[in-house]
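Please read these notes with the model open beside you. They are in numbered points, one topic to each.

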Amino acid sequence: MQRDLYDPDHEVFRDTVRAFLAKEVVPHHERWERNGIVDREVWYAAGRQGLLGPAVDEEYGGGGTEDFRYSAVLIEEFARAGASGLALSLHNDIVGPYLTRLATEEQKRRWLPGFVSGDIVTAIAMTEPGAGSDLQGIRTTATDHGDHYLLNGSKTFISNGILADLVVVVARTTPEGGSAGQSLLVVERGAEGFERGRNLAKIGQKAQDTAELFFNDVRVPKENLLGEENRAFTYLMGNLAQERLAIAVGAAAAAEEILDVTTGYVKEREAFGRALAGLQHVRFEIAEMATEAAVTRTFLDRCVTEHVAGRLDPVHASMGKWWATELQKRVVDRCLQLHGGYGYMSEYRVARAFLDSRVQTIYGGTTEIMKEIIGRSLLG
């Protein structure tokens, strides 16, 4: 069925994204995977192509539109290219809203032009070694010292952790437990006491730098408080719907792409004297996956439409996130099986997709947490 989510302007933008991927990303991605990090230059290239900060006001160099469909186009095309290294969605859709919605005018002038040009790569540091998905268990502290905070603690699994020039850190500014007393502090590259640990070795998404971060008596000026003190939890909850929708959109596109790859493979690969596509079992497998992908796409397109209209609630975002990521994991696994032994070879796209997909049901809130959110909304 023809999708009616996008306008002609979005499709023109899609052409720009595809050209950027073909020139600046795909030829280098295998090397980035070996290195565990992308080239810094590709961020500048993304800035020159207008791929950074679509929601940032034009006065700071951004796209000046809150239309999430531009982000969805970016996410879809990166997923279809298997380009997991360059974390534009993290930069644009997860960190970006905190800066555009919470930053003061002075902070916007300091940070947003670089955010848009690629001179400032961003990250957000929530997860801690002992807390995982439990944001209420955050232990990193920021004590008030008059004109600055003294930040102490550690974070882990931080995407863009090595490259980031600006890190939004969730820290406890009052001793109250639970969700009370957390604030968002911006730590900039070069701050004394701010150290990066190792670039973590992962089973998938190898080109995406993921690091441990350590804060040892880091002086964070009061001018780097983002939003109001002790309101971080509210801010985080308000942005999670978009984060989860972004993950879901990428998951659905990745599932569709690997299904297309596999459909082509079974048409060409022969077994028992005929193409695999001639076997009823294979046809049934493809039919089931194609149907699930089509149904998922329809729901997510509706979620995007609702989000653009400002109506997407956390429950439906959670539905989309858990369903699409579990679908991606399931489709990739079945497609690998259809490839047989070749599917286990790392040079085949399906093998890399198998490894890259596994984290999707974990970050941004695990499948189990998504179900808990949905269940509580229905059962109290």
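1. Arginine 110 and glutamate 106 sit four residues apart in helix H6 (residues 105-117), so about one helical turn separates them. Helices here are DSSP runs of H or I with at least four residues, strands are E runs of at least two, and both are numbered from the N terminus. The two side chains meet in a salt bridge, at 2.7 Å from N to O. A salt bridge means a side-chain nitrogen of Lys or Arg within 4 Å of a carboxyl oxygen of Asp or Glu. Arginine 110 counts as partly exposed because its relative accessibility is 31%, and glutamate 106 is also partly exposed, at 32%. The terms are set by relative accessible area: buried is under 20%, exposed is over 50%, and partly exposed lies in between (1.4 Å probe, protein chains only).

2. A word on the basis. This is a predicted model, in which local features need pLDDT of at least 70 and side-chain atom pairs count only at pLDDT 80 or more, while totals for chains, interfaces and linings use all residues. Residues are numbered from 1 along each chain as its sequence is written, and side-chain values use heavy atoms, with hydrogens and water left out.

3. By the salt-bridge rule, the count comes to 35. One of them joins the side chains of glutamate 41 and arginine 48, at 3.0 Å from N to O. Glutamate 41 is partly exposed because its relative accessibility is 42%; arginine 48, at 58%, counts as exposed.

4. Is the pair glutamate 256 and arginine 297 buried or exposed? Both residues are buried. Their side chains form a salt bridge of 3.1 Å, N to O. This pair links distant parts of the chain, with glutamate 256 in helix H7 and arginine 297 in helix H8, 41 residues apart.

5. Next, the nonpolar interior. A nonpolar core is a set of buried Ala, Val, Leu, Ile, Met, Phe, Trp, Tyr and Cys residues joined through side-chain atoms within 4.5 Å. The largest such core has 36 residues, and those touching the most other members are Phe20, Trp43, Phe78, Leu86 and Leu88. Two or more residues each come from helix H1 (8-25), helix H3 (41-48), helix H4 (68-80), helix H7 (232-268) and helix H8 (280-308). H4 gives the largest share, seven residues.

6. Which residues does phenylalanine 78 contact, leaving aside neighbours within four places in sequence? They are Val17, Phe20, Leu21, Ala83, Leu86 and Leu88, where contact means heavy atoms within 4.5 Å.

7. UniProt places "domain: Acyl-CoA dehydrogenase/oxidase N-terminal" (unreviewed entry) at residues 8-119. That span is 66% helix and 0% strand, and its end C-alpha atoms lie 30 Å apart. For "domain: Acyl-CoA dehydrogenase/oxidase C-terminal" (unreviewed entry), UniProt lists residues 233-379. This span is 77% helix and 3% strand, with its end C-alpha atoms 24 Å apart. UniProt positions follow the numbering used here, feature names are shortened, and annotations may be inferred rather than shown by experiment.
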